[in-house]
Amino acid sequence: MAGTDRGDLTRTAILTLLGTVGPLSRTEIARELDLSSALVTQVTRELIGHGMLEELDLKPSRGGRPAQRLGLVGTAGRALGVKVTAERLVIVDVRLDGEVLGSWERPFDPSAAGALDDLADAMAATVAAVDQTPPILGVGVGVPGGVDDQAVGTVNAPTLGWQAMPVGERLRRRLDLPVLVENDVNALAAAERLYGTGRTHRDFLVLTIGRGVGAAIVAEGRVYRGARGGAGEFGHVPVDPSGPRCGCGTAGCLEAFVGAAGLVAAARARGLLADRAAAAGDLPGAVAELGRAAAAGDREALAVFAEAGAVLGRATAGLINVVDPEVVVVLGEGVAEWEFWRAEFDSAVRGRLLPGRRDIPIEVEGWDDTSWAQGAAALVLATPFDAAGAAGEQGRLVRARLIGATP
Ligand SMILES: [Zn+2]
């Protein structure tokens, strides 16, 4: 492929390996990648010279002399990540090792005529405001919708009212930086690959609960995107055709039952949240109130979460049976109330898994307001480790910035 020389591929493969499994000795790198030790010695010397790798402790070995391990330098680069929602932008500044250096929130109206200019303005202002050492390698954008290709970045997002929006193109022109755009759940999976479950597992599912319900499928270490970048729309698995209307235009989807709006509607049907009728716009606030009621022992509130747990558990069992992952990670704003989902979810999911899969680990991770945006930044920070080339030309530009960053 033009622009991707052999050296770039070897460098990328070594960075990928160290980025995903952690520090290794040169001998281990040569063995894992089936490279000659002379080539590994040469390329790692170069990467150490560029400030991207460092020599760590000596690893004791049986017999022979201890081997020096090599690891990534977490301070060699940084990325900006932005999560776009219907009400606001959440922006983070993250270092290569995942350390968050800063975060910002700005109001945002995706339906405004100049919405793309507003997004570009916000990112340009952030680029201007942050330190340039270490250098910004690129900008990652997470959107609640479909993205044709990370490196092109044309977005279809019904919840934002966006159809064929040229987000990537517009931001690249304005910022003069590499820009990667991706579905927000897939971006979280990129973060898991880099800093979480993906370090130790190659096949896993990421499920998100909150306003929407989503999934990312990581197969053999890569996020499965589907033919149009639309894989993982778990929220639109049909549950019951006579169920509530769904934002996608049909009725009875999983999301219509267990997404934030579904929880609030179920709570209202049980006589809860009556004083919230006028505040329909504040779904997170309504769900938090429902959570407080459940925490106080309100039986109706507990029943809403229990029912949601059962519905989500059944659907999740179906997904696990289809995909056969090693582990499932549950994330999203909705995990704040997970203790009330848990019991019914667990029994619904375990009871419907095929024999031999019933002990699959399901991990519920911590969450905060910047987690989505950190996922978006991970799109950029993962590209030095992107041996498969998912980030295309933009990924090559990110690597060039990283390698060019130090003399
Ligand atoms: Zn739907």
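Begin the tour by selecting Glu220, which is exposed because 8 other C-beta atoms lie within 10 Å. The model in view is predicted: local features need pLDDT of at least 70 and side-chain atom pairs count only at pLDDT 80 or more, while totals for chains, interfaces and linings use all residues. Residues are numbered from 1 along each chain as its sequence is written.

Glu220 sits in the loop between strand E13 (213-219) and strand E14 (222-223). Helices (H or I, at least four residues) and strands (E, at least two) are DSSP runs, numbered from the N terminus. The phi of Glu220 is near 50°, a positive value in a residue other than glycine. Most residues other than glycine have a negative phi, and most peptide bonds are trans.

Next, select Leu273, in the loop between helix H8 (260-269) and helix H9 (283-295). Leu273 is not a glycine, yet its phi is positive, at about 55°. Is Leu273 buried or exposed? Leu273 counts as buried, because it has 22 C-beta neighbours inside 10 Å.

Then move to Thr133 and Pro134, which are joined by a cis peptide bond with omega of about -5°. Pro134 belongs to the loop between helix H4 (115-129) and E7.

Two strands pair if DSSP finds at least two bridges between them.

Select strand E5 (residues 88-95) together with E6: the two run antiparallel and are joined by seven bridges. Leu89 is found opposite Arg106 in E6. At E11, five bridges form the link to E7, and these two strands run parallel. Val139 faces Val179 in E11. E11 is mostly covered, with five of its five residues buried.

Now select helix H12 (residues 371-381), where eleven of eleven residues are buried. Among them are Trp372, Gln374 and Leu379. Axes are lines fitted to C-alpha atoms, for helices over the stretch in contact, and angles run from 0 to 180 degrees between N-to-C directions.

H6 packs against H12 at an angle of about 65°, with the axes 7 Å apart. The two helices are therefore roughly perpendicular to each other; angles of 65 to 115 degrees count as roughly perpendicular, under 35 as roughly parallel, over 145 as roughly antiparallel and the rest as oblique. In the contact, Asp184, Ala187, Leu188, Ala190, Ala191 and Leu194 of H6 meet residues of H12 including Trp372, Gly375 and Leu381. Residues are in contact if their C-beta atoms, placed from the backbone, lie within 7 Å. The residues of this contact of H6 with H12 divide into ten nonpolar, two polar and one charged. Ala, Val, Leu, Ile, Met, Phe, Trp, Tyr, Cys and Pro count as nonpolar, Asp, Glu, Lys and Arg as charged, and the others, Gly among them, as polar.

E9 and E10 belong to an open sheet of three strands in the order E8-E9-E10, with antiparallel pairing. Its edge strands are strand E8 (146-147) and strand E10 (162-166), each pairing on one side only. Two bridges join E8 to strand E9 (residues 154-157), and Gly146 stands opposite Asn156 in E9.

**Last stop: H2 and H3**

Finally, select helix H2 (residues 26-33) and helix H3 (residues 37-49), which pack at an angle of about 120° with their axes 9 Å apart. That angle makes H2 oblique to H3. The contact involves Arg26, Thr27, Ile29 and Ala30 of H2, with Ser37, Val40, Thr41 and Thr44 of H3.

Methods. A residue is buried if 20 or more other C-beta atoms lie within 10 Å of its own, exposed if 12 or fewer, and partly exposed in between; C-beta atoms are placed from the backbone. Two residues are in contact if their C-beta atoms, placed from the backbone, lie within 7 Å.
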